[in-house]
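Have a look at the model first.

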Amino acid sequence: MLCIHEIWLFILSGVLLNITPGPDSVYVIGRSMQMGWRGGAAAAFGISCGCFFHVAGAAIGLSALLMASSTAFSILKLVGAAYLVVTGLQMLWSRPALAANIDEPVRSSLRRVFLQGVFTNALNPKVALFFLAFLPQFVAADASHKPLAFLTLGLIFIFTGTLWCLVLAAFAAKAAHRLRRSEGAIAWVNRALGGLFIYLGIRVAMLETR
């Protein structure tokens, strides 16, 4: 009914893409080192929810509209770039919390980490273009339920990506248990994440429609 072909190839390709080191992996690892597994898990679920916006957009045609309209593309690009740069600067200026005093800050910051993951992906037009280019390759051209097929494939991709990010979070949190007791180490993690967000913001700002 969905006219999805070569599902095994899609799953394999998705897994390989998900485990390839990238900004999402760095963000999950960084938050895990700062806050433990809960911080990494919050980042992972936020990233997944941000991706879902683009999967839904591809399913109902918003991504195609975004790609066709230079004005809409530019607005989303500039909003996303500004958000990333501002978030990066906030991380650079933030003061680290030591493990001895981290329980309350973690509880109050998990929501913020989750939302950062959501907005980092949802406001990145490059992610929208990726799903628009990737998903149709596995759906028959004459499929009668293309939106549902796109949604199904997107959810599979998000599911495997979330599992991988949770594994990364667990390993990073365990490896960084001692580092979280060092104010200097946490400060460097903040700087690395801040630099990553600023870099991504610049990349998004320079992104072109083609």
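**Fold at a glance**

Of the contacts (heavy atoms within 4.5 Å) in the chain between residues at least 6 apart in sequence, 87% join residues at least 24 apart. This is a predicted model, where local features need pLDDT of at least 70, side-chain atom pairs count only at pLDDT 80 or more, and totals for chains, interfaces and linings use all residues. Residues are numbered from 1 along each chain as its sequence is written, and side-chain values use heavy atoms, with hydrogens and water left out.

**Chain**
- The chain has nine helices and zero strands (DSSP runs: H or I of at least four residues for helices, E of at least two for strands).
- Buried residues (under 20% relative accessible area) account for 45% of the 210 residues.

**Largest pocket**
- Lining the largest pocket are 30 residues, with Gly22, Pro23, Asp24, Asn121 and Val127 nearest its centre.
- A pocket here is an open set of points on a 1 Å grid where a 1.4 Å probe fits, with protein on both sides within 12 Å along at least five of seven lines; lining residues have an atom within 4 Å of a point.
- Helix α8 gives the most to this lining, with six residues.

**Gly195**
- You'll find Gly195 in helix α9.
- Gly195 has a relative accessible area of 34%, so it counts as partly exposed (between 20% and 50%, with a 1.4 Å probe and protein chains only).
- Gly195 and Gly88 are 107 residues apart along the chain, yet their C-alpha atoms are separated by 6.1 Å.
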